[in-house]
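Open the structure in your viewer and keep the sequence panel beside it. The tour below goes from the whole chain to single residues.

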Amino acid sequence: MKDCVIVGGGPAGLSAALVLGRARRSVMLIDDNRPRNAVTHASHGFLTRDGIQPAQFRRIALQEVLEYPTVEHRQAEVAEIFKQADGFEIVIKTGDRVRAKKLIMATGLKEVFPTIDGLHDFYGKSLFNCPYCDGWECRDRPIILIAEEPVILHMAKLLYNWSQDLIVCTNGKPLLSTEERMMLETKQIRIIDDTPISAFEGKNGQLKQIVLADGRRIERSAGFVIPKWQAKVDFSKELGYAVTEFGGITTDTMGRSTIAGLYAAGDAAYVRPSQLIYAASDGYKTAITVNTDLSEELFV
Ligand SMILES: Cc1cc2nc3c(=O)[nH]c(=O)nc-3n(C[C@H](O)[C@H](O)[C@H](O)COP(=O)(O)OP(=O)(O)OC[C@H]3O[C@@H](n4cnc5c(N)ncnc54)[C@H](O)[C@@H]3O)c2cc1C
């Protein structure tokens, strides 16, 4: 039986594996290598790694983690998890099973975007979701902000700092009050809320035009689309843990879920803001909690 299985090998899971490996714990890190940020060419804002390719970030991290002999890595999808009296049984899609005293879920989240033709051709290349990740690269360019949620107002105020050539589009939803519209229009921010977007156009992932449902075409070279967030996996019925408002795993401030022995880190625990450095830090913290609990339990 392993001390800990970590499901998910993004920055949260990798960081947890590093800490537990250094703490001499036997760990299996299981990851199906389908990270959310794989669509983008570069990750920004992680000190010492600014601009790194997401795959390279993971490669370096995994190499470091596997330096520790008690850490094992499996590239595979976890299909089922069962709670047992002394821990967990994790079932891999191939049918293999592994048992562990502790389980860290670091499975990330998924984005649900407005349904607009072509969006996925541009996402991660010239359409992004986070200004801290990609705002600098879009500075002073003609950009569009698209959101179907009230958070659009806050995002517009943020993005204005990166580019004042800003159009705000609610995809046809009447989201903004008269006062809020005035607030934006005083800064020459154009608002499109009377018609949805029917398509994005451009080449090789580089946006050129937004096509509106009424036939209008608007030139934009980049944009930000605000998705809804959902948990990437949902084992709440099998394991019985409490969920956050987006279906993620509710944790205390140290990463413990409501089920003994089950922990969560990074996006899976809805750590905000959703950034590499936060996820890595959260994985570190949660691994310390796991190690502390294992040490304490030995002396009971
Ligand atoms: C387009 C885009 C650009 C971004 N740019 C930046 C940036 O520039 N800077 C920045 O700081 N942040 C950026 N982010 C955010 C950043 O990627 C996330 O905050 C971070 O990856 C979260 O880490 P995590 O470890 O919690 O989850 P993830 O990185 O999503 O990792 C979760 C892992 O779990 C695996 N997994 C899920 N379910 C299973 C299962 N059942 N079995 C096995 N494995 C499973 C997935 O395959 C994945 O590898 C960006 C995100 C996107 C989408």
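How far apart are the mean positions of the positive and negative charges of the protein chain? They are 3 Å apart, for 36 positive and 38 negative charges. Here Lys and Arg count as positive and Asp and Glu as negative, while His and the chain ends are not counted. The place of a charge is NZ of Lys, CZ of Arg, CG of Asp or CD of Glu.

This is a predicted model, in which local features need pLDDT of at least 70 and side-chain atom pairs count only at pLDDT 80 or more, while totals for chains, interfaces and linings use all residues. Residues are numbered from 1 along each chain as its sequence is written, and side-chain values use heavy atoms, with hydrogens and water left out.

**The whole chain**

Along the principal axes, the C-alpha atoms fill a box of roughly 65 × 35 × 35 Å.

Switch to a surface. The protein chain exposes about 14,800 Å², and carbon and sulfur atoms supply 51% of that area. The areas come from the Shrake-Rupley method with a 1.4 Å probe; for residues, only the protein chains shown count as cover. Of the 300 residues, 51% count as buried. Buried means under 20% relative accessible area, exposed over 50%, and partly exposed in between (1.4 Å probe, protein chains only). Among contacts (heavy atoms within 4.5 Å) with a separation of 6 or more, residues 24 or more positions apart account for 58%.

**Stop 1: Lys102**

Select Lys102 in strand β6, residues 97–105. Is Lys102 buried or exposed? Lys102 is buried, because its relative accessible area is 5%. Show the side chain of Glu297 as well: the side chain of Lys102 makes a polar contact with it at 2.7 Å. A polar contact is a pair of N or O atoms within 3.5 Å; within protein, one must be able to donate a hydrogen and the other to accept it, and residues adjacent in sequence count only if both atoms are side-chain atoms. Beyond four places in sequence, the contacts of Lys102 include Asp3, Phe88, Tyr263 and Leu294.

**Stop 2**

Go to Thr286 in helix α8, residues 276–298. Thr286 counts as buried because its relative accessibility is 0%. Setting aside residues up to four places away, Thr286 touches Ile104, Met254, Gly255, Tyr263, Ala264 and Ala265.

Next select Leu20 in helix α1. Leu20 is buried, with a relative accessible area of 0%. Its contacts beyond four places in sequence include Ile6, Val27, Ile104 and Ala287. For a distance across the model, pick Glu238: its C-alpha is 26 Å from that of Leu20, and the two are 218 residues apart in sequence.

**Stop 3: backbone details**

Most residues other than glycine have a negative phi, and most peptide bonds are trans. Zoom in on Arg272 and Pro273, which are joined by a cis peptide bond with omega about -10 degrees. Pro273 is in the loop between β17 (262–264) and α8.

Now select Arg24, in the loop between α1 (11–22) and β2 (27–31). Arg24 has a positive phi of about 65 degrees and is exposed, at 74% relative accessible area. Asn171, in the loop between β10 (166–169) and α6, has a positive phi of about 55 degrees. Asn171 counts as buried, at 8% relative accessibility.

**Stop 4**

Select Glu180 in helix α6, residues 178–185. Glu180 is partly exposed, with a relative accessible area of 23%. Leaving out residues up to four places away, Glu180 touches Leu153 and Leu175.

End at Tyr132 in helix α4, residues 131–134. Tyr132 counts as exposed because its relative accessibility is 52%. Apart from neighbours within four places, Tyr132 is in contact with Leu158, Trp162 and Gln275. The C-alpha atoms of Tyr132 and Trp162 are separated by 9.8 Å.

Technical notes
Helices (H or I, at least four residues) and strands (E, at least two) are DSSP runs, numbered from the N terminus.
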